[in-house]
Amino acid sequence: MLRASHLTPIAPPALSALRLSLSPTLNLLSPSNVHKISTFAHCQTSLSLILRPSSLHSPSLSVKWVLRRMVGNPCPKSTASFSAESSSGDGREILVQHLLVKEDNLKLLVDLQQRVSGGEDLSDLAAEYSICPSKQEGGMLGWVRKGQMVPEFEEAAFNASLNKVVRCKTKFGWHLLQVLSEREESVLQDIQPEELHVKMQDPSFLDEAQLIDVREPEEVAQASLLGFQVLPLRKFGSWGPEITTKFNPQKDTYVMCHHGARSLQVAKWLQTQGFKRVFNVSGGIHDYAQRVDPTIPTY
């Protein structure tokens, strides 16, 4: 059964992992560290057991936990996870939830599958019976694409019909999985200051593109670029839930900050909200000033 809460486009949830991962995050707790990257080693981030080990260390996976912890927003069961400038070759992403039981517990799995067929919700059963840490999110794995999951789970998930609960076996045990939705794979790329400068010379670019500056107002007062709308990252709680109403996910969206770190996190989060083409200004306004326009002050 598909719940509306699974698809609400607000803030993505933290996903689960059996092992700790040192995921780079933005530390907004101290003004002195507002531009720096820090590490929350105690956080169990990335995807769950079924993801390939190489997927567990992608910086793109940290933004879900970061934005949740930074602003304390409610976290519906809808998310995404992809790496910048990568492609699975399949061209689509799927929204998946699952539950996991031990290999020697097939009888329980069959019983749970029958209960789902009888009308019970897989997410409720995952919360009660799953041995995967994703049980805390009702078994929700978020948006995934080919190349991120172990082969057995990937084959079952990408061949499953929407909303149909299917079973598969991996080295972790037996899974019941359900694909709740699918969408075209989105794009996230860095854009160099020189390339952005060329685009900004075209008047139509400012009309067609969406330009977002996630720096704080005091930073913008020191240096800014024409056409960028300021959405301070510290105010994420106020503008985050309305992002898809204030901006068009179908349009090219460019995100900038001071050095490119905060904007990259927001750019990845925009992907989770369904933005199709997102560009992070590499090096931020600092590199733009040094490499393109020396009249812009640096700080």
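## Close-up views of a predicted model

**View 1. Asn163 in a loop.** Asn163 lies in the loop between helix H4 (151-159) and strand E5 (165-170). The structure shown here and in the other views is a predicted model. Asn163 has a positive phi of about 70 degrees, although this residue is not a glycine. Is Asn163 buried, exposed or partly exposed? The relative accessible area of Asn163 is 37%, so the residue counts as partly exposed.

**View 2. Helices H2 and H3.** Two packed helices are described by the angle between their axes and the distance between the axes. Helix H2 covers residues 106-117 and helix H3 covers residues 122-129; their axes come within 10 Å and cross at roughly 150 degrees. Angles over 145 degrees count as roughly antiparallel. H2 and H3 are therefore roughly antiparallel to each other. Their crossing is right-handed. On the H2 side the contact is made by Leu108, Leu112, Arg115 and Val116, and on the H3 side by Leu122, Leu125 and Tyr129. Six of the residues in this contact of H2 with H3 are nonpolar, none is polar and one is charged.

**View 3. Leu112 and its surroundings.** Leu112 has its place in helix H2. With a relative accessible area of 0%, Leu112 is buried. Which residues are in contact with Leu112, leaving aside its neighbours within four places in sequence? They are Leu99, Val101, Leu125, Tyr129 and Leu176. Leu112 and Leu125 are 13 residues apart along the chain, and their C-alpha atoms are separated by 7.3 Å.

**View 4. The largest nonpolar core.** This core has 18 residues. Those with the most contacts inside the core are Leu196, Phe205, Leu225, Phe228, Tyr254, Tyr288 and Ile296. Two or more residues each come from helix H5 (193-200), strand E10 (253-256), strand E11 (277-281) and helix H11 (284-291). Of the elements, H11 gives the most to this core, namely three residues. Not counting residues up to four places away in sequence, Leu196 touches Ile191, Phe205, Leu225, Phe228, Tyr254, Val281 and Tyr288. A second, separate core has 17 residues, among them Leu188, Val214, Leu270 and Phe275.

**View 5. Helices H5 and H11.** At what angle do H5 and H11 pack? The angle is about 80 degrees, and the axes are 9 Å apart. Angles from 65 to 115 degrees count as roughly perpendicular. H5 and H11 are therefore roughly perpendicular to each other. From H5, the residues Pro193, Glu194, Leu196, His197 and Met200 meet Asp287, Tyr288 and Arg291 of H11. The residues of this contact of H5 with H11 divide into four nonpolar, one polar and three charged.

**View 6. The buried residues of H11.** Gly284, Ile285, His286, Tyr288 and Ala289 are the buried residues of H11. Which elements are included in what covers these buried residues? H5, E10 and E11 are included in the cover.

**View 7. Gly240 between two helices in sequence.** Gly240 is found in the loop between helix H8 (236-239) and helix H9 (243-246). The relative accessibility of Gly240 is 1%, so this glycine counts as buried. The C-alpha atoms of Gly240 and Trp269 are separated by 9.7 Å, while the two residues are 29 residues apart along the chain.

Definitions and conventions. Residues numbered from 1 in each chain as written. Predicted model: local features only at pLDDT ≥ 70, side-chain atom pairs only at ≥ 80, totals over all residues. Heavy atoms only, no water. Axes fitted to C-alpha atoms, helices over the stretch in contact; angles between N-to-C directions. Helix = DSSP H or I, 4+ residues; strand = E, 2+ residues; numbered from the N terminus. Parallel < 35°, antiparallel > 145°, perpendicular 65-115°, else oblique. Left-handed = near helix turned anticlockwise from the far one by under 90°. Contact = heavy atoms within 4.5 Å. Nonpolar A, V, L, I, M, F, W, Y, C, P; charged D, E, K, R; others polar. Core = buried A, V, L, I, M, F, W, Y, C linked by side-chain atoms within 4.5 Å. Buried < 20%, exposed > 50% of the residue type's maximum accessible area, 1.4 Å probe, protein only.
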